[in-house]
Amino acid sequence: MLGLKLPTDPRWVNIVEKNIEEILVDHAYCEQKAASTAISLIVSFPEYTELVQEMTKLVKEEISHFKVVHDKIIARGWVLGRDRKDDYVLKLVTFFPKGGSRTTQLVHRLLYAALIEARSCERFKLLSEALEDRELSKFYKDLMVSEANHYTMFLGFARQYGNREEVDKKWQDLLTFEAQIMKDLSKKETMHG
């Protein structure tokens with residue numbers, strides 16, 4: 001369903017299992033960045049009313065996810081800690097050239113967001129199925145459904161605002177690029193890395 005061309009190495013869950021604190025901290029920041037991305041889309045493209053309406057809802061949802069993850073960190077006696085760079089996202093956003101029309105910029109940002117959400121969904125599914133911590137397993141199963149909806153929403157907006165054929169080609173090319181990135185990742189206790 002997600003269209004990812006390279007699945008996450010299942011051994012990634014073993015790394016996570018040994019570093020629950022690290023994955024929760026990284027996950028909290030991912031939720032915060034997702035909320036920031038939605039805000040940035042509102043600020044950058046206010047003329048797209050339907051997008052603004054959906055991004056407003058998304059900001060609320062993602063910040064509520066941040067709070068839930070943060071609460072789990074606190075409940076385990078840990079603190080949030082400092083944000084870490086996201087190698088996955090830093091590499092991913094180099095795919096499309098900078099510049100172009102506003103519409104092209106919007107489509108590219110929507111495609112990046114769709115792919116990040118798709119990969120998160122895939123990772124949440126792995127965690128929901130393989131984590132021994134039953135509380136976290138259920139938590140990630142619930143989030144998986146939400147992330148799948150986000151992925152399809154972003155991809156749908158990209159197709160709505162861009163030329164469908166061109167958007168679908170860019171999407172496939174981005175998926176291929178992302179698969180190359182993933183070959184070097186899945187070795188750290190981060191949500192995408």
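This is a predicted model: local features need pLDDT of at least 70, side-chain atom pairs count only at pLDDT 80 or more; totals for chains, interfaces and linings use all residues.
**Entry 1: α2 against α5**

I began with helix α2 (residues 20-44) and helix α5, which pack at an angle of about 160° with their axes 12 Å apart. That makes α2 roughly antiparallel to α5, since angles under 35 degrees count as roughly parallel, over 145 as roughly antiparallel, 65 to 115 as roughly perpendicular and the rest as oblique. For my own reference, the axes are lines fitted to C-alpha atoms, for helices over the stretch in contact, and the angles run from 0 to 180 degrees between N-to-C directions. Helices are DSSP runs (H or I, at least four residues), numbered from the N terminus.

I noted the crossing of α2 and α5 as left-handed (the near helix is turned anticlockwise from the far one by less than a right angle; clockwise would be right-handed). On the α2 side I listed His27, Glu31, Ala34, Ser40, Leu41 and Ser44, and on the α5 side Arg102, Leu106, Arg109, Leu110, Glu117 and Phe124; contact means heavy atoms within 4.5 Å. By class, I get five nonpolar, three polar and four charged residues here. Ala, Val, Leu, Ile, Met, Phe, Trp, Tyr, Cys and Pro go in as nonpolar, Asp, Glu, Lys and Arg as charged, and the others, Gly among them, as polar.

Residues are numbered from 1 along each chain as its sequence is written, and side-chain values use heavy atoms, with hydrogens and water left out.

**Entry 2: α5 and its other partners**

Next I looked at α5 and helix α6 (residues 134-161), whose axes are 7 Å apart at an angle of about 160°. That makes α5 roughly antiparallel to α6, and the crossing is left-handed. The contact residues divide into 20 nonpolar, five polar and five charged.

Then I turned to α7 (residues 164-183): its axis and that of α5 (residues 102-130) come within 11 Å and cross at roughly 50°. That makes α5 oblique to α7. I have this crossing down as right-handed. Among the residues making the contact are Leu111, Tyr112 and Arg119 of α5 and Trp171, Leu174 and Met182 of α7. The classes come to ten nonpolar, two polar and four charged residues.

While I was in α5, I checked serine 128, which lies in that helix. Serine 128 counts as buried at 10% relative accessibility (buried is under 20% relative accessible area, exposed over 50%, partly exposed in between, with a 1.4 Å probe and protein chains only). Leaving out residues up to four places away in sequence, I found serine 128 touching Arg134, Ser137, Tyr140 and Lys141.

**Entry 3: cysteines**

How many disulfides does the structure hold? I found zero, taking a disulfide as a pair of cysteine sulfur atoms within 2.5 Å. The sulfur of cysteine 30 is 14 Å from the closest cysteine sulfur, in cysteine 121, too far for a bond. Both are buried, cysteine 30 at 14% relative accessibility and cysteine 121 at 5%.

**Entry 4: lysine 5**

Last, I visited lysine 5, in the segment before α1 (12-17). Lysine 5 is partly exposed, with a relative accessible area of 41%. Which residues does lysine 5 touch, not counting those up to four places away in sequence? I found Gln172, Leu175, Thr176 and Ala179. Lysine 5 and methionine 182 are 177 residues apart in sequence, yet 9.6 Å apart in space, C-alpha to C-alpha.

Notes. Helices (H or I, at least four residues) and strands (E, at least two) are DSSP runs, numbered from the N terminus.
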